[in-house]
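Good morning, colleagues. Please turn to the structure on the screen, and I shall take you through its architecture.

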Amino acid sequence: MSAQRVALALGSGGARGYAHIGAIEEIHARGHEIVAIAGSSMGALVGGLAAAGRLEPYVEWARSLTQRDVLRLLDPKWSAPGAIRAQRIFDQVEQLIGDRAIEDLPIPYTAVATDLHARREVWFQRGPLISAIRASIAIPGVITPVEMNGRLLADGGLMNPVPIEPTAAAAADLTVAISLSGTRLPQEPSAPAREAAPPSWREELVDRVRRTVGRTVEPAEPSLLDELRISDVIGMSMDAMQGLISRFRMAGLPPDVLVTVPVSAARSLEFHRAAEMIELGRRLTAEALDAAGH
C-alpha cells in the first residue's frame, strides 16, 4: 500500500466530531499525507487544530474531561441568543493555537460557516484561525452566533455538513470525507410515514390539568418530550436536516472514501466521551480505507 496525499472533509455533529481525531490518526498510521482540510462545526475545530499541528495536546485535554467538567466549560447563558456561550472551551483552544493565521498554517485549511442573513456559506481561508473556528461551530439555539464583518455567522453544517468543495482544488490523490450524520439503515423505510394526527397539545394539556385537579390516582404516562432536554431536541433536528443535505451534496461531488459515524454514537453535547468517539472514528476509518483499497 503506497502512501497517498489525502484531502480531508470533516463533517459537523457535535461531540461525535471526536471521531475525526481517530480518523486522522488512522490516516497518518497508514503513512498517508494530509494535504488539505475543510471542516464544518466540530470538523472545523478538529481540522484547525490538526492543520496547526496542535491536535495532540487537545486530545490529551479532551480525554481528561468528565461530564461535570463539560457542563462547567459550556458556560450556559439562557438569556443569550443561544443557550451556551462556550467561551471557556474557546479560551482553551486559543491557548493551544495562539494567534495563528489560516494562511500561515502548514496544511491548507478552510472553515465553513453560514451567513444567516444572506443564507449562504462563508469559507474562511485567511485570517485568525480561532475566529474562523468560533464562527463555524455556533450551533443555532445552542451556542451563540458570531457577528463578524457585518455578518451573523453560525454553524457551517446548516448548509454544508460535509464540506468537500473547498478541497476540490487540492493536489490530492484521494478525498476522504467523514460524515457524522449516519445513514438510513437498510431495514428502515425511506418513504414518508402516513399516520393519523393525534390530539393537539392543547387537548393534552387540558386533559392533564383535569386529571391533576381531579386528583387522578393513575399518573399520566410520561411522553417522549418529557424525557428530552432542549439540547437533545435541537441536536436531533440538526442531525435529521444535515443527514439529508449531506446526502444530496455528496451525490453531486462524491468523495473517494466516505466514513460514516452513526448518529446514535453520541449526543451532540456529550463531550466527556472523547476516548470512545476517537476509537470509533479510527475503527470506522480503517474499515472504509480497507474497503477502498487504501
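This is a predicted model: local features need pLDDT of at least 70, side-chain atom pairs count only at pLDDT 80 or more; totals for chains, interfaces and linings use all residues.

The protein chain has 9 helices and 8 strands. Of its 294 residues, 49% count as buried. The accessible surface of the chain amounts to about 15,500 Å², and carbon and sulfur atoms contribute 53% of that area. As for the contacts in the chain with a separation of 6 or more, 76% are accounted for by residues 24 or more positions apart.

The largest nonpolar core comprises 68 residues. Which of them touch the most other members? They are Tyr-18, Tyr-58, Tyr-109, Phe-124 and Val-176. Apart from this core lies another, of 5 residues, which include Val-162, Ile-164, Ala-177 and Met-250.

With neighbours within four places in sequence left aside, Tyr-58 is in contact with Tyr-18, Ile-21, Met-42, Leu-45, Leu-49, Val-93 and Leu-96. Among these partners, Met-42, Leu-45 and Leu-49 are buried residues of helix 2.

That brings me to helix 2 itself, which spans residues 42–51. How many of its 10 residues are buried? The count is 10 of 10, and the helix is described as mostly covered. Its buried residues also include Gly-43, Gly-47 and Gly-48. Just after helix 2, Gly-53 adopts a positive phi of about 75°.

Thank you for your attention.

Methods: Residues are numbered from 1 along each chain as its sequence is written. Side-chain values use heavy atoms; hydrogens and water are left out. A nonpolar core is a set of buried Ala, Val, Leu, Ile, Met, Phe, Trp, Tyr and Cys residues joined through side-chain atoms within 4.5 Å. Buried means under 20% relative accessible area, exposed over 50%, partly exposed in between (1.4 Å probe, protein chains only). Contact means heavy atoms within 4.5 Å. Helices (H or I, at least four residues) and strands (E, at least two) are DSSP runs, numbered from the N terminus. Accessible areas come from the Shrake-Rupley method with a 1.4 Å probe; for residues, only the protein chains shown count as cover.
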